[in-house]
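Here are a few exercises to work through with the model open beside you. Try each task before reading its solution.

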Amino acid sequence: MNAAITRQEVEDFLYRDSALLDEWRLDEWLETFEVGATCEVPTTERPNADPHSSQYYVWDDYELLSARVKRLKSKHAHAENPHSRTRRLVTNVRVGKPGDGTVPVYAAFLIYKIRDGNVDQFVGRYEHILAASGEGLKFRKRRAVLELEVLRPGGRLSFIL
């Protein structure tokens with residue numbers, strides 16, 4: 001791993017991640033993951049729980065994540081057909097100490113989801129593990145932790161945080 005990964009490079013990577021999701025460019029978004037990567041969203045009640053012994057909203061390995069993208073793009077994802085409009089704000093980006101070919105990345109997010117006349121807000125933090133490759137940065141672990149007490153009644157995580 002190149003020890004010279006800058007916060008600016010990480011921010012650019014995270015901003016591109018947000019743009020790809022907001023623009024519903026899911027195939028390109030999936031390419032930002034290493035094969036074998038994971039995507040996690042723990043429940044609001046137990047954000048630090050072990051995914052092996054607790055329920056998570058999302059705990060996808062690369063194959064499940066690929067299937068999720070395929071389903072979201074199909075007409076079978078009724079909750080996202082047509083897909084919601086979203087706008088993501090990412091801030092307070094911090095780059096942790098590199099090690100073992102990876103770098104931990106932390107950031108805050110606010111996502112506005114617009115659907116069926118409702119505007120839902122999802123506030124939280126990212127706790128990612130990125131790996132540098134010849135193709136640039138890639139997700140090894142993408143983790144979104146919601147800071148909400150609960151999802152609003154009828155609120156759904158039918159889209160990707």
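A pocket is an open set of points on a 1 Å grid over the protein atoms alone, with protein on both sides within 12 Å along at least five of seven lines, and a lining residue has an atom within 4 Å of a point. A volume is the space filled by probe spheres set on the points, which are joined across faces, edges and corners. The model is predicted, so local features need pLDDT of at least 70 and side-chain atom pairs pLDDT 80 or more, while totals for chains, interfaces and linings use all residues. Residues are numbered from 1 along each chain as its sequence is written, and side-chain values use heavy atoms, without hydrogens and water.

**Exercise 1.** Describe the largest pocket and its lining.

Step 1: its volume is about 150 Å³.
Step 2: the lining consists of D12, F13, R16, E28, E31, T32, E135, G136, L137 and K138. Helix 1 (7–22) and strand 6 (136–146) are the elements that give two or more of these residues; helices (H or I, at least four residues) and strands (E, at least two) are DSSP runs numbered from the N terminus.
Step 3: sort the lining by class, and you get two nonpolar, two polar and six charged residues. Here Asp, Glu, Lys and Arg count as charged, Ala, Val, Leu, Ile, Met, Phe, Trp, Tyr, Cys and Pro as nonpolar, and the others, Gly among them, as polar.

**Exercise 2.** Which residues stand opposite E40 in strand 6 and strand 2?

Step 1: strands pair if DSSP finds at least two bridges between them.
Step 2: E40 faces R143 in strand 6, and its bridge partner in strand 2 is W59.

Key. 1 Å grid on protein atoms, 1.4 Å probe; cavity = no way out; pocket = protein on both sides within 12 Å on 5 of 7 lines; lining within 4 Å.
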